[in-house]
Amino acid sequence: MKHPSKRQALQLGLAAVAAATLALGAGNALAQGAKLKVGLMLPYTGTFAALGTAIENGFRLHVDELGGKLGGREIEYVKVDDESDPAKATDNVNKLIKRDNVDVIVGTVHSGVAMAMAKAAKDSGTLLIVPNAGANAVTGPMCAPNIFRSSFSNWQPGYAMGEALAKRGAKNVVTITWKYAAGDESVGGFKEAFEKGGGKVVKELSLPFPNVEFQALLTEIAALKPDAVYTFFAGGGAVKFVKDYAAAGLKGKIPLVGAGFLTDGTLPAQGADADGLLTALHYADSLDNPKDKAFRTAYAQAFKLQPDVYAVQGYDAAQMLAVGLAATKGDVGKKAEFAAAVQKATIDSPRGKFTIGKSHNPVQDMYLRQVVGGENKVIGIASKALADPGRGCRM
Ligand code: PHB
């Protein structure tokens, strides 16, 4: 057989390039139909372990309601236990981004861990939906077209509780929390509204996360005799704080109020020590809307557990992802289209309908709740359609 001429070789080469290009195109098309890899980066151990499980349950519940597919693609889950440890956060998120090549990351609970995740998502362009962690910066200076939150900013429940407590006439308040972004920012939101309403934060107490040695601080509160105490604690730490507050003889003497995490998902373990506590949050146990009723029934049936705010946030992370992927037909690369669809959506949440603000944080009602008979009952709306200021967000 004759060797091909130079010209024939060139034509063959071009044909090969064209074939390769076609194959690549087909590969992309295949990728669209391939499973959607969802990286769940959540705490499965430590003081926030139950919160991580509730988020995952809520997320899976909505995916299952949609027949196991989002944007036409079946879901494959990859899980990482972040242990609520900021020191391990960058390594952990890079396992999902670089090793597992996930399409989207859903996580996490702890604000310090979430900050590292937001940075990695911003640098790599990976889609990130935060189903709890309230770090203000995630929808502030760290905001990005590919970063969304289905939960709240730390400022939001704090601000709502500050407004409500000022209206109730409290004047001098002591705050107590864990010394990290969530505690600081929750207290910051509270203080902003409470002092605007005429009150004064007379002392800010804190201890390192996740310590639960509250005794010395409770002794200090007893000596200070404020009109009320505002607190941010959550998960296992919230259970112990409420029990220790009562055991120290402060319950009934100095009203304890908080961001609603203090009593959400924790009431069975807190028992009567939580009775009467007043908190502000974007969810409650006695909401009278059909979506919540259906959600609570389905959740209890699927997991043999009562849902809480974390389960709702996981469920809504899946709702937001579903909205974005429906608009892009399952293509996570179409970031502008994804963001536009989520931003114009109204999410029919068990918490009540909400929208997503410009910085990608929920604009939502904050309920004033009181613990009655083992439930967080709504006693009013502390702030209607409260939007986080999103200070410093420039996309
Ligand atoms: C947070 O670290 O942002 C955080 C953790 C637990 C909560 C709420 C916020 O319940």
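P86 counts as partly exposed because its relative accessibility is 40%; buried means under 20% relative accessible area, exposed over 50%, and partly exposed in between (1.4 Å probe, protein chains only). This is a predicted model, where local features need pLDDT of at least 70, side-chain atom pairs count only at pLDDT 80 or more, and totals for chains, interfaces and linings use all residues. Residues are numbered from 1 along each chain as its sequence is written, and side-chain values use heavy atoms, with hydrogens and water left out.

P86 sits in helix α3 (residues 86-99). Helices (H or I, at least four residues) and strands (E, at least two) are DSSP runs, numbered from the N terminus. Leaving aside residues up to four places away in sequence, P86 touches H110, G112 and V113. Contact means heavy atoms within 4.5 Å.

Now turn to a helix pair. The axes of α5 (residues 155-167) and α6 (residues 181-196) come within 7 Å and cross at roughly 30 degrees. So α5 is roughly parallel to α6; angles under 35 degrees count as roughly parallel, over 145 as roughly antiparallel, 65 to 115 as roughly perpendicular and the rest as oblique. Axes are lines fitted to C-alpha atoms, for helices over the stretch in contact, and angles run from 0 to 180 degrees between N-to-C directions. Residues making the contact include W155 and Y159 of α5, and F190 and F194 of α6.

Helix α8 (residues 235-247) comes next. Its buried residues include V239, F241 and Y245. The buried residues of α8 pack against several elements, among them α2 (49-65), β7 (172-178) and α7 (215-224). Just after α8, G249 takes a positive phi of about 80 degrees.
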